[in-house]
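Please find below a colleague's note, arranged as numbered points.

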Amino acid sequence: MNKRLLSGMVWLLVVWLVFGHTPAQGYFSAAWEDPDWNVEPQQSTTGPYPPLEVLLWDEQKAMSLPQETKGEVVLNTPAYYWRHGCGPTAVGMVVGYYDTKGYDNLIPGGAWTQTAAVSQMIASGGNSGAPCPPGSEQHFEDYALPIDDFGSMQTDNYLTAGRAAHANNSMADYLGTSRSSLGNPYGWSWSTEMGYSFRHYFHRYYPEVTVETPAYYAASGGMTWDVLVQEINAGRPMVFLVDTNGDGVTDHFVTAIGYRSSPTRQYAMRDTWSTSSVRWENFAMVQSGVRWGIWGGYAYRISHPPTDLTLSNQSVVENLPVGSQVGSFSTSDPLLGDLFTYSFVAGSGSTDNGLFRIAGSQLLTDTAIDYESRTGYSVRVRSSDSGGDWVERSFSITVSDVNEAPFDITLAVGEVDVLIPAGSEVGRLSTLDQDAGETFVYSLDCGLGGEDNGSFTIAGDRLMAAEEIDFGQQGQYSVRVRSTDAGGLFIQKILVISMEGVENSYVNSIFLPVLVK
């Protein structure tokens, strides 16, 4: 066993004997909530500046061939510089990320840059150059002072001064960072508190929101590439505990913000030592000889159901082609930038789900829509966010009527004599149209089938003889009639009139030629 790790375990044993509680109590309570709670806890040990081994490694990488970036996915997260521990800084970046995603009460003001408020969120109090005065001590004054290291652990100031520590108000507080009573020298944190700290800080400001912080460990095979891809694709940064120098011992917490899959699987991180660049390292588990190997990963899942689901348009015009868009769905959610999937669900208002379909966020028709058949439809839709939370709504879709062209003209005639005097009524015209209550204007049109138009005239809906009609001399007469509705749409039809009755041929202006009987 590594000497440093062995010394740490001995120190923990001394602390347990002195203070009379086990690591599973107090700050370590979160360990019991993890499925792998029995994994031996590990610590971070790095300070505000990258160790020499890291600098040499970076120089070696810079001298190698440029790395490809195929399959690269990176979350746009804030970048914060090391403040009183890599653990609170790494988790603090996750807090800052969610502050920019709609939970803006987590940090006063903006969170994209490391403002004074951001620094206080990470670790409250001052610093070695400007500590808070007596009576207003915060994290730095209570737990970081005196600044010590593993080889010379010193009792924290609040204990030696015989006063109560301030109430927890920063990530470093909830992590137990720098607390000598927990075996943490200045800037160190335990792995077991990565979830506990985030949940408790978040719930100070949003107690109604469900926060899940599952832990994944290399030792149990839980920290896999698929876990990283799943979390990043869902828009959720992680925190990794890693071994920066490849000696097989953990030493640093980082904020994992992305991945790329070619030519080698790599993960992207904010390493707390730079706010201007993203670090890329090979995705590998911790072991001797592997730099930046991962010992464990911590996910941060905010579960706050969407608050509303809307449809941009809830009416559709009849007679559109199947597959036409009705409207687009949108979801209201406190988590800005969350992703949503839409689906039909059974329940109240789902009667006509089968007559529509969903493509992405669009509601499309999946059948012919006819106002004369139905004037309204009802669908029920669910919007699910990236965390699996959802909201459902039913929508009434109304159908708008459109003016449709007439589709037939008929001529009703009585008993036809051989001679029909001029000025006599030959028959009554009528029109068939899908639009109820429509009115029509009739006229005689020139063209094919209208050879005998001159022998007739139209008065309203009556076909009149303009001259004597003699079926004895001419066995049949052909007229071409147009019926125009109030909207200007029309149909043309050839009517062939004889002693035997009326023969019909349609003359729609779209379909030509017309065969005349």
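**Notes on the predicted model**

1. Glu281 and Lys61 form a salt bridge, with their closest N and O atoms 2.7 Å apart. A salt bridge here is a side-chain nitrogen of Lys or Arg within 4 Å of a carboxyl oxygen of Asp or Glu. The pair links distant parts of the chain, since Glu281 is in strand 7 (residues 279-282) and Lys61 in helix 2, 220 residues apart. Helices (H or I, at least four residues) and strands (E, at least two) are DSSP runs, numbered from the N terminus.

2. This is a predicted model, in which local features need pLDDT of at least 70 and side-chain atom pairs count only at pLDDT 80 or more, while totals for chains, interfaces and linings use all residues. Residues are numbered from 1 along each chain as its sequence is written, and side-chain values use heavy atoms, with hydrogens and water left out.

3. Are the two partners buried or exposed, or in between? Glu281 counts as buried because its relative accessibility is 3%, whereas Lys61, at 21%, counts as partly exposed. Buried means under 20% relative accessible area, exposed over 50%, and partly exposed in between (1.4 Å probe, protein chains only).

4. A second salt bridge joins Arg374 to Asp352, the closest N and O atoms being 3.0 Å apart. Arg374 is in the loop between strand 15 and strand 16 (376-385), and Asp352 is in the loop between strand 13 (340-344) and strand 14, 22 residues apart. Arg374 is partly exposed at 33% relative accessible area; Asp352, at 5%, is buried.

5. Asp461 and Arg428 also form a salt bridge, with closest N and O atoms 3.9 Å apart. Asp461 lies in the loop between strand 22 (456-459) and strand 23 (462-465) and Arg428 in strand 20 (residues 425-432), so the pair ties together parts 33 residues apart in sequence. The whole structure contains 19 salt bridges.

6. An open sheet of four strands runs in the order 10-12-15-14, with antiparallel pairing. Strand 10 (308-311) and strand 14 (356-359) are at the edges with a single partner strand each, so one side of each has no neighbour in the sheet. Strand 12 (residues 325-332) pairs with strand 15 (residues 362-365) over three bridges; two strands pair if DSSP finds at least two bridges between them. Leu364 in strand 15 is the bridge partner of Gln325.

7. Taken as a whole, the protein chain has nine helices and 27 strands. Of its 517 residues, 48% are buried.
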